[in-house]
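Here is a short briefing on one model. It covers a loop residue, a helix pair and the aromatic pairs.

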Amino acid sequence: MSSSTVRDAPGGSSASPEGPARRRRGGPPRSESAGPITLTGRGGIVVMFAAGVLCGLMSRWFGVPLLAGAGFAIGCALAAFATRPADLLTLVVSPPLVFLAATLTVVLVTTLGDGSLLRGVTVGVFTALAATAPWLFFGTLLVVVICLARGVLTNARELHDKLVGVRLFEKEENENPVRWDESPGTPKEGRHARSDRPPSGTAG
């Protein structure tokens, strides 16, 4: 190809083979890199806890008991939608413990300075749990349903397969113990053959 043919290429530039390669090696477009917010399992637990504490405090301060349970349920739904699929198994078993921790935190904060702290916290926790127990079940149900739709059963199967593989590996190790009664590399038949062989130098 002559130099004039190269100069006459479209765009007025030389048709270098490195151009497309550089474009292919470049980073992904911005539209592909920008994705939805994803949380880890711990991040989803923090979202549920923060929603429970914030709405519980607002419920106590403004005198709206409905706000505590509804806020926790909303936090459960947000966490279930935003948590990455690999950590859904951790999230799906967390709402009861998170709800108890959030309720204890709210009661502890609102009871400080009101006489006996132990008595106030005990009575306040039992009262709050009795009033918001239906919301706990509703929030837990939301997490389970959303996580099932997002593939938590796949995570459960993968965990089961890993546990089965570990058990099979341990079983194989237990079935093949190391034998210390025989020296390595010396077969038993070879030792018997050497013991039956007559010593060298003796006549027939």
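Thr83 touches Leu39, Thr40, Gly41, Gly44, Leu88, Leu91 and Arg150, leaving aside residues up to four places away in sequence; contact means heavy atoms within 4.5 Å. The model is predicted, so local features need pLDDT of at least 70 and side-chain atom pairs count only at pLDDT 80 or more, while totals for chains, interfaces and linings use all residues. Residues are numbered from 1 along each chain as its sequence is written, and side-chain values use heavy atoms, with hydrogens and water left out.

**Thr83**

- Thr83 sits in the loop between helix 5 and helix 6 (88–92). Helices are DSSP runs of H or I, at least four residues, numbered from the N terminus.
- The relative accessible area of Thr83 is 0%, so Thr83 is buried. Buried means under 20% relative accessible area, exposed over 50%, and partly exposed in between, with a 1.4 Å probe and protein chains only.
- A polar atom of the Thr83 side chain lies 2.5 Å from the backbone oxygen of Ala79.

**Helix 4 and helix 7**

- Two packed helices are described by the angle between their axes and the distance between the axes.
- Helix 4 (residues 41–62) and helix 7 (residues 95–111) have axes that come within 9 Å and cross at roughly 35°. Axes are lines fitted to C-alpha atoms over the stretch in contact, and angles run from 0 to 180 degrees between N-to-C directions.
- The crossing of helix 4 and helix 7 is right-handed: the near helix is turned clockwise from the far one by less than a right angle.
- The contact residues divide into 13 nonpolar, 4 polar and 1 charged. Ala, Val, Leu, Ile, Met, Phe, Trp, Tyr, Cys and Pro count as nonpolar, Asp, Glu, Lys and Arg as charged, and the others, Gly among them, as polar.

**Aromatic pairs**

- The count is 2 aromatic pairs. Rings of Phe, Tyr and Trp (its six-membered ring) pair if their centres lie within 6.5 Å; planes under 30 degrees apart are stacked, over 60 edge-to-face, the rest tilted.
- Phe72 and Phe99 are edge-to-face, because their ring centres lie 4.8 Å apart with planes at 65°. Phe72 is in helix 5 (residues 65–82) and Phe99 in helix 7, 27 residues apart, so the pair links distant parts of the chain. Both Phe72 and Phe99 are buried.
- Trp135 and Phe138 are also edge-to-face, with ring centres 6.0 Å apart and planes at 80°. Both lie in helix 8 (residues 117–149), 3 residues apart, about one turn of the helix.
- Trp135 is partly exposed at 26% relative accessibility. Phe138 is partly exposed at 42%.

Note on methods
Helices (H or I, at least four residues) and strands (E, at least two) are DSSP runs, numbered from the N terminus. A polar contact is a pair of N or O atoms within 3.5 Å; within protein, one must be able to donate a hydrogen and the other to accept it, and residues adjacent in sequence count only if both atoms are side-chain atoms.
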